[in-house]
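Hi everyone, thanks for coming.

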Amino acid sequence: MSDIFTDTFAWLTDPDHWSGSGGIATRLLEHLEYSGLVLLIAAAIAVPVGLFIGHTGHGRVAAVAFAGALRALPTLGLLVLFALLAGSGLMPPVWALVILTVPPLLAGTYAGISSVDPTVVDAARAMGMTELQVLFRVELPNGLQVMFGGIRTAVLQVIATVSVVAYLPLGGLGRYLFDGLVLQDFPRMLGGSLLIAALAIAVDLVLAVAERIFLPHGLSIDSRGGHKAAGDLAAAAPAGAAVQGGTA
Amino acid sequence: MAEAMIEFQSVTKQYQGGQPAVDGLSMSIDKGSITVFVGPSGCGKTTSLRMINRMVEPTSGTITVAGKDVSNEPAAQLRRSMGYVMQSSGLMPHRSVLDNIATVPRLNGVSRAAARKRAEELLDVVGLASTLGKRYPSQLSGGQQQRVGVARALAADPPVLLMDEPFSAVDPVVRDELQQELLRLQRELAKTIVFVTHDIDEATVLGDKVAVFAVGGKLAQYAAPEEILRAPANDFVASFVGRDRGFRHLSFNAADAVRIHPVKTVEAPELAAGNSEWAVVVDAGSRPLGWASPRDGAGLIPGGSLFRRGDSLRRALDAALSSPAGMGVVVDEHGRLVGVLKADEVLALIEETRHKREDAT
């Protein structure tokens, strides 16, 4: 009996497995395409709704309950249901995955906006900002850090879950899992899983870098503890009753 | 009679199913003066303030600013025409100090460069070093943040400044500084300032006029601070103004007539050895450092509060009472020793002042 890890390593490093229409490179691209499509559609729905709920506070209870209910749906069941109802092709499984991706994105967006210090929002309004200015100039930049957390969770979830579309059967790295299962080819299954995990980690790293670039500078100082500066008063003349004397 | 800038006409604010927060408020706020709203929590003073710039909409009644009903103007535009300073600085954490100050000019369409230039000037106006402009709010102390908050409120040069407990979250020493700076600024700028506080001391220090609010949103007394301390309109005002109001009232009487005595000085406490009386220890610039006791070996004893020439009777009495030697130390404008004053003579002067007031009425 040969060692499964050695076999997996051999499977992953075989150049023949990387090229061609069923090769790893193609599957990787398919996987990224599906994930990107799902995220794009989900974000187009979840972000505006999350911004609205976070800013106004309207519909918060309904949204939390609804998002919770969506999260409880079984992935594979939903996928098969959509395929049965809407037929074959790319879009039915994409819609099923969109439904599963909206809740974490919505929650992340909403949490980001509502994490902003209410006194800062109040001050912005009192300065004379319109509601849209408050949202885009104050709440969004200051809520970005928390929002990024939600986005990264959602992205990881999508990259992992998109594998199931191979069950329908479509492409993506999930192919190796389903094919490997049918063929009892365990190195192929394990290799596929490793590739999905590696992709998820790589994408998360890219997002971490993006977060660092997009996060306003003032906030990154804040989150790292910063160096509070005192004693920079130019003209803080001691006023009122000075207390006399005392040893310095 | 001063010209009215802001007028409340039977303004009531009632939240659903509760007591009114503000109940039939009618008052007129003088142009170019500081009017302080003071009262216990829940008296409607902040609600009243926030109705001026429509952060809160009144249930009934009208508020006019410079003769115009505020409800006729779009809220955002109205707010840009008034400076607003709040308890927590409310600075935007993602923007630099300069960009925070430039907020309202930028909203008004002023170019970024011009708005920043104005912001730099304002840093100086509120007594902050220009190097702080590039910092972020989280890198400032509480007192510095409040100064930036004041600069931000002044940026568009609004005629009206609304200040909601702006100094209550900073420590007493810094608060005292900020109060004095606000008075200095006001002497230069002559804005119409509405200032909310729960601290009667702050109210009497800052206010040209003080409005005392009672719980339930009623105006209990609206008068000059001196009058509120001397003649509270009712028991509520009397109890709110508190036990020390007699002492506080002394703030409004000059102590110019108090007698100043010469005092023995030494340059180091050791030099007082063998003295039969208390001596003031002074530095080379004759600024007082403390006291040397007639008893040997006590070293430098920290002094009490200082009485600066031109200060009030309250300061004079406090200087005398807080001094370990029983004599209050008097200094000139540069902090140099002038002499000492005595508690019994200050008390006699207080009595004399009272007689004069009685004769005048």
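Let's start with the rings. Over all chains, the count comes to seven aromatic pairs, where rings of Phe, Tyr and Trp (its six-membered ring) pair if their centres lie within 6.5 Å, and planes under 30 degrees apart count as stacked, over 60 as edge-to-face and the rest as tilted. Take F37(B) and F213(B): this pair is tilted, with 5.1 Å from centre to centre and 50° between the planes. F37(B) sits in strand β3 (residues 34–38) of chain B and F213(B) in strand β9 (residues 209–214) of chain B, so the pair ties together parts that are 176 residues apart in sequence. Helices (H or I, at least four residues) and strands (E, at least two) are DSSP runs, by the way, numbered from the N terminus.

Before I go on, a word on where this comes from. It's a predicted model, so local features need pLDDT of at least 70 and side-chain atom pairs count only at pLDDT 80 or more, while totals for chains, interfaces and linings use all residues. Residues are numbered from 1 along each chain as its sequence is written, chains are lettered from A and ligands numbered from 1 in the order in which they are written, and side-chain values use heavy atoms, with hydrogens and water left out.

Buried means under 20% relative accessible area, exposed over 50%, and partly exposed in between (1.4 Å probe, protein chains only). Ring pairs also bring in F8(B), giving a cluster of F8(B), F37(B) and F213(B).

Some rings have a charge over them, meaning NZ of Lys or CZ of Arg is within 6 Å of the ring centre and within 35 degrees of the ring normal. K13(B) lies over the face of Y15(B), 4.9 Å from the ring centre. K209(B) does this with Y222(B), at 4.5 Å.

Next stop, T192(B), in strand β8 (residues 192–197) of chain B. T192(B) is buried, with a relative accessible area of 1%. Its contacts (heavy atoms within 4.5 Å) include M5(B), I29(B), P159(B) and L161(B), leaving out residues up to four places away in sequence.

Helix α1 (residues 45–52) of chain B is mostly covered, with seven of its eight residues buried; K45(B) and R50(B) are among them. Just after α1(B), R54(B) takes a positive phi of about 60°.

Now zoom out. Chain B has 13 helices and 17 strands, and 52% of its 361 residues count as buried. It's divided into domain 1 (4–252) and domain 2 (265–352), with bounds from an automatic or database domain assignment. Their C-alpha centres lie 38 Å apart, and five residues of domain 1 are in contact with six of domain 2. The area buried between these domains is about 560 Å², that is, the accessible area (1.4 Å probe) that two parts lose on being put together, summed over both.

Last, chain A and confidence. pLDDT is the predictor's confidence in each residue, from 0 to 100. Chain A has a mean of 83, and 88% of its residues reach 70 or more. Which stretch stays under 50? That's residues 222–248 of chain A. Thanks, and over to you!
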